[in-house]
Amino acid sequence: MQKIEVVKGDPIRLDVTPDVPAEVHVHGYEVTEEVEAGQTAKLDFPANAEGMFEVEVHHLHNGQEESGAQVAELNVTP
């Protein structure tokens with residue numbers, strides 16, 4: 001699991017390439033992107049909330065979420 005540290009106000013760019021169809025989701029920011037297997041989800045958003053946030057990949061099967069796995073921890077400091 002990757003640990004990412006940024007300062008509040010910084011721009012954030014997360015690139016995640018799952019090996020299965022999935023939704024990449026940043027908890028607390030409610031930023032999501034669905035991607036096919038092998039494609040890269042590119043999430044761009046400002047670090048406007050302080051705290052620790054999970055970045056998860058939710059595997060999709062026939063358009064339905066099957067399972068999720070945390071792939072990163074985003075720490076936004078003041």
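Reader: What percentage of the 78 residues of the protein chain count as buried?
Author: The model is predicted, so local features need pLDDT of at least 70 and side-chain atom pairs count only at pLDDT 80 or more, while totals for chains, interfaces and linings use all residues. Residues are numbered from 1 along each chain as its sequence is written, and side-chain values use heavy atoms, with hydrogens and water left out. Buried means under 20% relative accessible area, exposed over 50%, and partly exposed in between, with a 1.4 Å probe and protein chains only. Of the 78 residues of the protein chain, the buried share is 37%.

Reader: In what order do the elements of the protein chain run from the N terminus on?
Author: Helices (H or I, at least four residues) and strands (E, at least two) are DSSP runs, numbered from the N terminus. The protein chain has zero helices and seven strands. From the N terminus on, the order is β-β-β-β-β-β-β.

Reader: What is the radius of gyration of the protein chain?
Author: The radius of gyration is taken over C-alpha atoms, and the globule rule is 2.2 Å times the number of residues to the power 0.38. For 78 residues this rule gives 12 Å, and the value for the protein chain is close to it, so the chain is as compact as a globular protein of that length. Along its principal axes, the C-alpha trace spans about 40 × 20 × 20 Å. The radius of gyration is 12 Å.

Reader: What share of the contacts in the protein chain with a separation of 6 or more comes from residues 24 or more positions apart?
Author: Contact means heavy atoms within 4.5 Å. Among contacts with a separation of 6 or more, residues 24 or more positions apart account for 55%.

Reader: Which residues have the most contacts inside the largest nonpolar core?
Author: A nonpolar core is a set of buried Ala, Val, Leu, Ile, Met, Phe, Trp, Tyr and Cys residues joined through side-chain atoms within 4.5 Å. The largest such core has 21 residues. The elements that give two or more residues to this core are β1 (2-7), β2 (11-16), β3 (22-26), β4 (31-35), β5 (41-46), β6 (51-61) and β7 (64-77). Those with the most contacts inside the core are L14, V26, Y29, F45 and L74.

Reader: Which residues does V26 touch, not counting residues up to four places away in sequence?
Author: V26 lies in strand β3 and counts as buried, at 0% relative accessibility. Its C-alpha is 9.7 Å from that of Q70, a residue 44 places away in sequence. Beyond four places in sequence, V26 touches L14, V31, L43, F45, E54, V55 and L74.

Reader: How far apart are the C-alpha atoms of L43 and R13?
Author: L43 lies in strand β5 and is buried, with a relative accessible area of 2%. Leaving aside neighbours within four places in sequence, L43 is in contact with I12, R13, L14, V24, V26, V31, T32 and E33. L43 and R13 are 30 residues apart along the chain, and their C-alpha atoms are separated by 5.6 Å.

Reader: Is N75 buried or exposed?
Author: N75 lies in strand β7. Not counting residues up to four places away in sequence, N75 touches I4, E5, V6, G51 and M52. Because its relative accessibility is 18%, N75 counts as buried.

Reader: How far apart are the C-alpha atoms of K8 and E50?
Author: K8 lies in the loop between β1 and β2 and is partly exposed, with a relative accessible area of 42%. Not counting residues up to four places away in sequence, K8 touches A47, N48, E50, V76, T77 and P78. K8 and E50 are 42 residues apart along the chain, and their C-alpha atoms are separated by 6.3 Å.

Reader: With which residues is Q39 in contact, leaving aside its neighbours within four places in sequence?
Author: Q39 lies in the loop between β4 and β5 and counts as partly exposed, at 42% relative accessibility. Q39 and H58 are 19 residues apart in sequence and 14 Å apart in space, C-alpha to C-alpha. Beyond four places in sequence, Q39 is in contact with V16, T17 and P18.

Reader: What is the phi of E30?
Author: E30 is found in the loop between β3 and β4 and is exposed, with a relative accessible area of 56%. Although E30 is not a glycine, its phi is positive, at about 55°.
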